[in-house]
Amino acid sequence: MTETFIQLSYLLAAGLFVLALRSLCHPDTARRGMHMAAIGMLIAVAATLLHQRIVTYEWLAVGAVVGAVIGYPLGMWVPMTAMPQRIAFSHAFGALAATLVGIGEYIHSYDTQHLTQGHVLALGFEVLLGALTVTGSLMAFGKLQEILPGRPVTFRGQNVFNLSLFAIGVACLVWLIVNPYDVWSFVAICVIGLLVGILLVLPIGGADMPVVVSLLNSYAGLAAVATGFALDNNILIVVGALDGASGFILSIAMSKAMNRSFSNVLFGAFGSAAGEEAAVSGAKGDMAPISADDAALRLAFSRRVIIVPGYGLAVAQAQHQARELVDLLEKRGVDVRFAIHPVAGRMPGHMNVLLAEAGISYDKLVDMEDINQRFTDTDVALVVGANDVVNPAARTNKSSPIYGMPILNVSDSKSVIVLKRGKGAGFSGVENDLFVSPKTSMLFGDAKQSLMQLGAEVKLA
Amino acid sequence: MTSTAIIQLFVFLLAGFVGFQTISRIPPLLHTPLMAATNAISGISLVASLVLAGANQGFVSTVLGAVAVACAMANVVGGFLITDRMLAMFGAKAANKGERKGADRQ
């Protein structure tokens, strides 16, 4: 009877989760949907407490309280710029929970002599993927937080080494299925999983982290699916599948936006060799500087302005200055939009969150595909701290390392003003022809300072 | 293969399909909240951890379970809070006020 009740409440929770994801299709419904998901979670957890296997509540309460105490600051105090690290960190948490449950279940079934082949297949898979995700996510966290060097770390024969290590892990898994009671191969799977996680992320550079974080999301989901198979728990299977699908879709979207295949991100170690090639095909011509008051006048007397924010905007913490400038321009009747490239931030959709935090209404944030035709009747495109995502070489120069990457058609607009810190090349070390185009004027300086100056001058104009 | 395993494979297949269809419709605008949301929801592994921590199967299992409960709980609490915080910023036109926290007041 209790068992039926628990299963039915899981069913309800799963339904609420799917509805919550559906409500995320629109910003207006998203928040209510997530409240529904939270209720679903509450129902599922409350019902689980009635489970007949649970006999003591002390440890469980200790764990729950500690978790809540850790979770609160992770929810309320983490700044939006640190979202990618934070997400990577909680992937590590989720995967650790799955791994520990896997180990615990193995010990339990070992003691009670209940190990079957199907059971160890699921447990081994869970622990392998879980352990891999734990260390992989911690590595990604370290790189994003800049505790670890962001540059790709490579050595000779790396891919062969990593793949063979992973193959040994899979071989151990097969061995474990044949001999379910061989504890050492179970331990070996754990250790190999942990090592593969580290080695997998080691050669991946900071710029590729969005793909990695999404991919780890997907692995964490698959580990949860394996837990569900091992424990005969359908809600874990459902949620793990949702999570896995989400991570998979996002990593595909990110790879596409960078014009790189999955395998290229994972095995390519981009950025180690690209810098040198690019320097050779450097842009010719001089950049034309512009003063802040001239730039402000041009903005103030235009009809349509598109702002192209890049990660430089977030680094300079200039979102609020950007919004003030937008408010001033709109007061003068200028139509202002933001053009958001999919990889503008450090994770999928990051730039939207940063701008929304500054109080910019989401209907002004336009995706790349929707805004690209609008550049032709735009008077001024204001590029703030973005570089590669507006580089015309991605379209024209076949030898460029970023050739083929979808970009924002900034050069179609009538004039371009670029806010840039210095004259150097961008994050990926690629020169940008846009900066030397006759349409373009450069306003050098810190993004925050420049935007403030522009705002002050627009006020006077 | 047992019939439970077969049913579970069906559940996995269908849930994966539903997930794929639902999530591919979510606009890039909300991709970061989506990641935070799946993170919070994946804290459902809490239900497995709770059973392990409370089943009294010996000290090691109980401690492993308690740590797992803490990890999953941190994801649930932190995940739902941060998703809500983000979605509040995308809330209706209140955004123009430039308020960070009180965006839902209007």
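1. Chain A has a mean pLDDT of 88, with 94% of its residues at 70 or more. Residues 270–282 of chain A are a stretch where pLDDT stays under 50, although the model has 22 contacts there beyond four places in sequence. Where pLDDT is low, the predicted coordinates should not be read in detail.

2. Chain A contains an open sheet of 6 strands, with parallel pairing and the order E3-E2-E1-E4-E5-E6. Strand E3 (365–367) and strand E6 (440–444) of chain A each have a single partner strand, so they stand at the edges and one side of each has no neighbour in the sheet. From one strand to the next, the twist averages 25 degrees.

3. The pairings can be followed strand by strand. Strand E1 (residues 304–309) of chain A runs parallel to strand E4 (residues 380–384) of chain A, and 5 bridges join them; Val308(A) has Val383(A) in E4(A) as its bridge partner. E4(A) is in turn joined to E5(A) by 5 bridges, again in parallel, and here Val380(A) is partnered by Ser415(A) of E5(A). E5(A) pairs with E6(A) over 5 bridges, in the parallel sense, where Val416(A) has Thr440(A) of E6(A) as its bridge partner.

4. Two further features concern the surroundings of these strands. E5(A) is mostly covered, with 5 of its 6 residues buried. Helix H15 (residues 350–357) of chain A lies across E1, strand E2 (335–340) and E3 of chain A, and runs at about 145 degrees to E2(A).

5. Is Leu408(A) buried or exposed? Leu408(A) has 24 C-beta neighbours inside 10 Å and therefore counts as buried, the cut-off being 20 or more. The residue sits in the loop between helix H17 (393–396) and strand E5 (415–420) of chain A. Beyond four places in sequence, the contacts of Leu408(A) include Val308(A), Ala339(A), His341(A) and Met368(A). By contrast, Pro180(A) lies 228 residues away along the chain, with 55 Å between its C-alpha atom and that of Leu408(A).

6. Chain B has 4 helices and 0 strands, so that its elements read α-α-α-α from the N terminus on. Of the 106 residues in chain B, 65% are buried. Among contacts in chain B with a separation of 6 or more, 47% are between residues 24 or more positions apart.

7. An unreviewed UniProt entry places the feature "transmembrane region" at residues 6–23, 35–53 and 59–83 of chain B. In the model, residues 6–23 of chain B are 100% helix, and their end C-alpha atoms are 26 Å apart. Residues 59–83 of chain B are likewise 100% helix, with 36 Å between the end C-alpha atoms.

How values were computed
Residues numbered from 1 in each chain as written. Chains lettered and ligands numbered in written order. Predicted model: local features only at pLDDT ≥ 70, side-chain atom pairs only at ≥ 80, totals over all residues. UniProt positions renumbered as here; feature names shortened; annotations may be inferred. Helix = DSSP H or I, 4+ residues; strand = E, 2+ residues; numbered from the N terminus. Buried ≥ 20, exposed ≤ 12 C-beta atoms within 10 Å, placed from the backbone. Contact = placed C-beta atoms within 7 Å. pLDDT = per-residue confidence, 0-100. Pairing = 2+ DSSP bridges. Axes fitted to C-alpha atoms, helices over the stretch in contact; angles between N-to-C directions.
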